[in-house]
Amino acid sequence: MRRRWMAVLRTPVGAGAGLLLLVVLLLAVFAPVLWSDQANAIDTDHLLQGPSAEHWLGTDNLGRDIFYRVLVASRTSILLALLATSIAVVTGLALGSAPAILGKRGGRIATAVVNIAVAFPGLLLALFFAVVFGVGAKGAVLAIGFAGAPSFARLTQTLVAGVAERDFISAARIAGVGRFRMLVRHILPNIAEPLVVNATIGAGGTLLAFAGLSFIGLGVQPPAYDWGRMLGESLSGIYVHPAAALAPGVAVVIAGLAFNLFGEAVAKGLGVQVPRARWADRTPEATPARDDDNDAVLVVEDLQVSFPGPVTPVRGVSFTIHKGEIVGVVGESGSGKSLTALAVAQLIEPPGQVSAAELSFLGAPLLGRLPVRSTAAVRRRLLGTSFAMVFQDPMTSFNPTKRIGVQLAEGAREHQGLTRRAAMDRAIDRLRAVRVPAAERRARQYPHEFSGGMRQRAMIGMGLMGAPALIVADEPTTALDVTVQRQVLRLLETIRTEDDVAVLLISHDISVVSQICDRVLVMYAGRIVEDLPSTELANGARHPYTRALLAAVPDLDTPLDEPLAVIPGRPVDPARMPVGCAFAERCAFASDRCRAEDPVLVDQVACWHPQAQAEYSNFRTGQR
């Protein structure tokens with residue numbers, strides 16, 4: 001952080017604006033102490049005099065030295081402007097962050113309030129609040145503060161909404177981090193830079209606005225004075241005594257430039273981190289006991305995920321994962337693989353809706369209204385310690401403003417009650433467990449200092465911070481080269497073997513899944529169309545879609561002089577689901593029954609005409 005501050009101050013703009021702002025703030029602190037007597041001394045023998053050696057900027061209508069009065073007025077002007085800015089920032093931050101804390105209904109109300117307030121010009125709001133709160137310094141501070149809050153709230157809303165969709169927020173949510181802690185620990189640090197910059201620049205605008213209210217008589221009242229009050233009192237004599245009016249105006253401009261230019265310098269070189277919060281609930285309830293007689297880790301029956309439209313991208317998915325089993329889910333993009341994983345992880349948010357005949361993890365139900373808060377805490381702890389999620393892109397899954405070790409340790413501190421030191425030791429140990437070299441040093445590094453493969457290993461290490469019974473890996477080898485892909489897959493195999501952990505591996509690459517999985521679920525158009533052991537995948541698959549996926553993977557026997565095999569047509573649109581089998585329009589074996597009736601999963605295949613191996617040679621050439 002010290003280096004980043006120095007980088008800001010080394011730039012010409014940063015150094016100049018920083019020095020200017022320092023001078024302004026020093027004047028605000030020390031000027032009233034040093035020169036109040038000279039500024040308040042009345043001299044009736046020298047009324048309204050012009051600039052002279054004795055009075056550099058002349059005197060006012062009571063013979064008081066204008067130069068010293070401008071210096072002394074800096075404290076009132078700067079202090080009141082900073083107070084109004086603080087009110088604007090705090091109020092705007094509260095309104096802008098409300099959707100992330102209050103949930104759907106409260107967030108809508110807060111957003112509506114901000115939208116209505118932003119529709120009014122800031123000056124009109126300031127004048128309105130000035131009338132409401134009354135004439136004087138206090139009323140002006142409140143008026144300008146609340147008038148500036150809507151624009152800051154709109155900025156906060158936009159930034160919060162952008163960060164809230166990132167994968168590391170989903171990871172924190174699945175770890176059981178509460179809304180307020182999520183906001184303070186994960187969202188605000190990532191939006192702090194633009195907020196700080198806008199607050200700094202806003203201080204300059206607030207200073208000008210406050211001077212404007214004092215100028216028209218709604219701000220500081222006699223005998224107190226600020227730059228706006230001095231400018232208003234001197235305006236009537238500006239043609240015969242211009243220095244008295246120009247001096248406070250120049251002071252406002254210089255101070256405003258100091259804040260604005262320093263804010264621009266900070267924008268280029270510094271991102272400010274927010275201190276960690278310690279206000280999250282700690283729930284002493286223990287994780288529900290695991291039934292050793294039943295090795296089912298995850299049970300999913302008739303899972304459906306729907307969105308307004310209506311759109312149902314996941315339709316009646318059912319499967320069970322047992323202890324120590326690796327189950328692969330394959331299918332083209334849009335087949336519902338990731339949505340199924342997110343639904344299991346409780347990461348589908350409104351307006352999305354999840355329903356199921358049964359959705360249980362380690363025997364505990366994951367759906368349904370909970371009668372008491374303690375039960376919700378038990379569920380949160382269960383998911384936070386026994387359920388691990390490895391997202392597709394580790395670069396967006398990690399919080400870029402926090403060190404890797406801190407992010408791994410957070411879950412252990414939240415759910416296991418470990419101290420900061422013990423949690424960090426556990427994080428270093430987990431990094432070693434996933435084969436990250438120099439784990440103690442790498443734990444102090446940021447995500448951007450890790451390669452893609454190492455970030456993915458660290459993400460798996462985060463899942464191992466507790467005692468996971470299930471790891472859901474959503475495309476864990478995407479964008480990795482073949483060598484690193486193999487290393488990540490071997491790591492998952494090792495974890496399964498050593499710790500008896502169940503793994504749900506989601507991939508669009510059927511060859512990757514066939515290498516390490518015990519069982520393969522093939523999804524198409526939101527449904528499981530085939531469920532078979534991986535050993536039978538190459539020669540025992542019977543659904544036309546499964547065979548088409550296999551045929552589309554080139555191997556050493558693929559003729560080099562022939563075009564690669566493709567699956568004809570395009571995947572169906574979830575918003576326009578056809579009657580009958582969704583794959584019928586792309587299938588070489590479809591009949592009228594396929595186009596009229598939707599097949600159900602019988603004998604582990606959902607097809608009216610399951611085919612034998614010998615009948616699939618035409619997929620190699622892309623024929624229908």
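Biologist: Why does serine 97 count as buried?

Modeller: The relative accessibility of serine 97 is 3%. Buried means under 20% relative accessible area, exposed means over 50%, and partly exposed lies in between (1.4 Å probe, protein chains only). Serine 97 therefore counts as buried. This is a predicted model, in which local features need pLDDT of at least 70, side-chain atom pairs count only at pLDDT 80 or more, and totals for chains, interfaces and linings use all residues. Residues are numbered from 1 along each chain as its sequence is written, and side-chain values use heavy atoms, with hydrogens and water left out.

Biologist: In which helix is the place of serine 97, and with which residues is serine 97 in contact beyond its neighbours within four places in sequence?

Modeller: Serine 97 belongs to helix α3, residues 66-118; helices are DSSP runs of H or I with at least four residues, strands are runs of E with at least two, and both are numbered from the N terminus. Beyond those neighbours, serine 97 is in contact (heavy atoms within 4.5 Å) with Thr156, Val160, Leu183 and Leu188.

Biologist: What backbone atom does the side chain of serine 97 reach?

Modeller: The side chain of serine 97 reaches the backbone oxygen of leucine 93 at 2.8 Å.

Biologist: Is the crossing of α2 and α3 left-handed or right-handed?

Modeller: α2 passes α3 in a left-handed crossing. The term applies if the near helix is turned anticlockwise from the far one by less than a right angle, and right-handed applies if clockwise.

Biologist: Why is α7 called oblique to α8?

Modeller: Helix α7 (residues 179-215) and helix α8 (residues 227-234) pack at about 40°, with axes 7 Å apart. That angle makes α7 oblique to α8. α7 passes α8 in a right-handed crossing. On the α7 side, Leu207, Ala211, Ser214 and Phe215 meet Trp227, Gly228, Arg229, Leu231 and Gly232 of α8. By class, the contact has five nonpolar, three polar and one charged.

Biologist: How do you know whether isoleucine 144 is buried or exposed?

Modeller: Isoleucine 144 is at 6% relative accessibility and therefore counts as buried. The residue is found in helix α5, residues 137-164. Leaving aside neighbours within four places in sequence, isoleucine 144 is in contact with Ala84, Thr206, Ala209, Phe210 and Leu213.

Biologist: What makes aspartate 302 partly exposed?

Modeller: Aspartate 302 is at 37% relative accessibility, which means that the residue counts as partly exposed. Its place is in strand β1, residues 296-307. Aspartate 302 and arginine 315 are 13 residues apart along the chain, and their C-alpha atoms are separated by 7.4 Å. Apart from neighbours within four places, the contacts of aspartate 302 include Gly316, Val317 and Ser355.

Biologist: How many helices and strands are there in the chain, and what percentage of its residues is buried?

Modeller: The chain has 21 helices and eleven strands, and buried residues make up 47% of its 624 residues.

How values were computed:
Polar contact = N/O pair within 3.5 Å; in protein donor to acceptor, adjacent residues only side chain to side chain. Axes fitted to C-alpha atoms, helices over the stretch in contact; angles between N-to-C directions. Parallel < 35°, antiparallel > 145°, perpendicular 65-115°, else oblique. Nonpolar A, V, L, I, M, F, W, Y, C, P; charged D, E, K, R; others polar.
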